[in-house]
Amino acid sequence: MMFLLILFILILVLVISNVKIVPQTKSFVIEFLGQYMTTWNAGLHVKIPFVTRVINQVDMRERVADFPPQPVITKDNVTMHIDTVVYLKVFDPKRFTYGVDHPLNALENLTATTLRNIIGEMELDQTLTSRDHINSRMCVVLDEATDPWGIKVTRVELKNILPPAEIQEAMEKQMKAERERREAILRAEGEKKASILKAEGEKESAILRAEALKTQMIKEAEGHKESIRLHKEAEAMGVQLLTEAGLSTEQIVRLQSLDAFEKVADGQATKIIIPSNLQDMAGLVAALKESAEN
């Protein structure tokens, strides 16, 4: 009875030990007597004791492989260190298990050699400004080369590009000179714009002053014109009144001459020429006054 109990326990332990639960993120590679048999995906599986075994448990999630800096030489013989980050995913657990020994180490070495080949065709300045080009080229090459290993390279990024110290110093000096040049250009453009705005302001001010002077002169001319018009109308009205009073043209002319003489006498002239017929004109004025009184 005890023997049967022990035998039952051993069989139960054996069955339990051969029941495998595969997680969602993994796949199990199974061998039968040393040869590949099948690949277990997520779920419950039972293997045959002693003749089948789990040879590899492959993580099917996307991985990030951060490789240390690699020394590379550019086309213009500049040595610098570049470290890369490779994003990869296993799509075939069988190829990943049997395709190459230590797949990640193989991928690291392949990344280093590919990077040296690509950088060797480029000069330093082109290397520093062509990260996207280098990333895309490396991704294509690595993806194609790792396909027999069951690896899909989804993305490659150059993490750091470290040129020699003397080149970094020269680049910093160049950047400083470029910043100073841009500052000088911006300062010159600002001064230019300020001069233009000042000149435009002076121009507009001169135009406004000229327009104001023009308006003033027009107003003065119009006022003078109106004054002359009113004066002429007054003279014409005076002549008309004299004519209505019965004076002849000759008498009217004499009166106008006398009026002119009075204006001259009120002025600043130092010499006054008195006409010979002044007495006649005076008599005419007296006659006019007498006529007006009657």
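**Group meeting talk: a helix and its core**

Hi everyone. Among contacts in this protein chain between residues at least 6 apart in sequence, 63% join residues at least 24 apart. Do keep in mind that what you see above is a predicted model.

Let me give you the overall picture. The protein chain has 294 residues, and buried ones make up 22% of them. By secondary structure, there are 8 helices and 9 strands in the chain. For those of you who like surfaces, the accessible surface of the protein chain is about 21,000 Å², with 58% of that belonging to carbon and sulfur atoms.

Now to the inside. In general, nonpolar side chains in soluble globular proteins tend to be buried together. Here, the largest nonpolar core has 31 residues, and the ones touching the most other members are Ile82, Val86, Leu115, Ile134 and Met138. Where do the members come from? Strand S8 (79-90), helix H3 (103-119), helix H5 (131-145) and strand S9 (151-162) each supply at least two residues of this core. The largest share is that of H3, with 6 residues.

Which residues of H5 are buried? They are Ile134, Asn135, Met138, Cys139 and Leu142. If you look down the axis of H5, these buried residues fall within an arc of 130 degrees, so they line one face of the helix. On the face turned away from that buried side, you will find the exposed residues Asp132, Val140 and Glu144. And what do the buried residues of H5 pack against? Their partners are S8, H3, S9 and helix H4 (124-129).

Leaving aside residues up to four places away in sequence, Met138 touches Thr84, Thr111, Thr114, Leu115, Ile118, Val156 and Leu158. One of those partners, Leu115, is also among the core residues that touch the most other members, as is Met138.

Finally, a stop away from H5. Gln35 sits in strand S3, which covers residues 35-40. Is Gln35 buried or exposed? Its relative accessible area is 59%, and because exposed means over 50%, Gln35 counts as exposed. Gln35 and Thr52 are 17 residues apart in sequence, while their C-alpha atoms are 9.2 Å apart in space.

Methods: Residues are numbered from 1 along each chain as its sequence is written. This is a predicted model: local features need pLDDT of at least 70, side-chain atom pairs count only at pLDDT 80 or more; totals for chains, interfaces and linings use all residues. Side-chain values use heavy atoms; hydrogens and water are left out. A nonpolar core is a set of buried Ala, Val, Leu, Ile, Met, Phe, Trp, Tyr and Cys residues joined through side-chain atoms within 4.5 Å. Buried means under 20% relative accessible area, exposed over 50%, partly exposed in between (1.4 Å probe, protein chains only). Helices (H or I, at least four residues) and strands (E, at least two) are DSSP runs, numbered from the N terminus. Contact means heavy atoms within 4.5 Å. Accessible areas come from the Shrake-Rupley method with a 1.4 Å probe; for residues, only the protein chains shown count as cover. The arc is that of the directions from the helix axis to the C-beta atoms.
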